[in-house]
Amino acid sequence: MRYLTSVLFAVLAICSWSSFSAVQDQKNPLYGKIFREINEIPGLSSYGHASGAVIDAGKSASGDYRFAAGYYTNDKNGICILNELLDDKENGKGQVKYKILDTINIRKLKSNEQLSLCNCRLGKKVDSEIVAISVVEENKEYFDQIVEAWRLNTRTGKISPIKHTKTINCTNEGYSI
């Protein structure tokens, strides 16, 4: 009887946890919104495109990239969006629409900071799922003073903070130009 009670309790706990997780997954009010231009989304009409990048992790069956990151700003702050790329059949081949999977708010950057989308490394290995705010040091090939960093997890469709940033560095795209 004790065994049966323990099994029943475990099953109930698993069921309640999975339903709790499903509710949490839908917590972001922008989740699932589809757009071509950011100003199509209510509440984001004051934002403009600052930068974007394709995430090279995860391709579709046809070999096309499946995910992208976008960074949009207004006068006060920014937003980073993890998108799934969708074919825009209405506007023809090669055009895409974006489906929002997750977002994070980005504070207004200081004049000596930049947001690096998908061009960072973990150690010496390129990791296109990393987004980071770094201090700009013009004389370095890689910015290694990371202020904050996040993982654009293409398997879960979530953006999560990276706590340990000591081994992260991001490409200085203007180096030796």
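## Side-chain contacts in a predicted model

Let's start with Lys140: at 27% relative accessibility, this residue counts as partly exposed. Keep in mind that you're looking at a predicted model. A search through the whole structure turns up six salt bridges, and there are two aromatic pairs as well. Here's a tour of who meets whom.

**Salt bridges around Lys140**

- Lys140 has a salt bridge with Glu137, with N and O 3.4 Å apart.
- Glu137 counts as buried, at 16% relative accessibility, because the cut-off for buried is under 20%.
- Lys140 also meets the side chain of Asp144 in a salt bridge, and here the N to O distance is 3.0 Å.
- Asp144 comes out as partly exposed, with 41% relative accessibility.

**Other salt bridges**

- Glu113 and Arg107 join their side chains in a salt bridge, 2.9 Å from N to O.
- Asp127, Glu129 and Arg151 are linked up in a network of salt bridges.

**The aromatic cluster**

- Which residues form one aromatic cluster? They are Phe35, Tyr72 and Tyr98.
- The structure's aromatic pairs number two. In one of them, the ring centres of Phe35 and Tyr72 sit 6.4 Å apart with their planes at 75°, so this pair is edge-to-face.
- Phe35 belongs to strand 1 (residues 34–35) and Tyr72 to strand 3 (residues 65–73), so their pairing ties together parts that are 37 residues apart in sequence.

**A charge over a ring**

- Where does Arg121 lie relative to Tyr142? Arg121 is over the face of the Tyr142 ring, at 3.6 Å from the ring centre.

Technical notes. Residues numbered from 1 in each chain as written. Predicted model: local features only at pLDDT ≥ 70, side-chain atom pairs only at ≥ 80, totals over all residues. Heavy atoms only, no water. Salt bridge = Lys/Arg side-chain N within 4 Å of Asp/Glu carboxyl O. Buried < 20%, exposed > 50% of the residue type's maximum accessible area, 1.4 Å probe, protein only. Phe/Tyr/Trp six-rings, centres within 6.5 Å; stacked < 30°, edge-to-face > 60°. Helix = DSSP H or I, 4+ residues; strand = E, 2+ residues; numbered from the N terminus. Lys NZ or Arg CZ within 6 Å of the ring centre and 35° of its normal.
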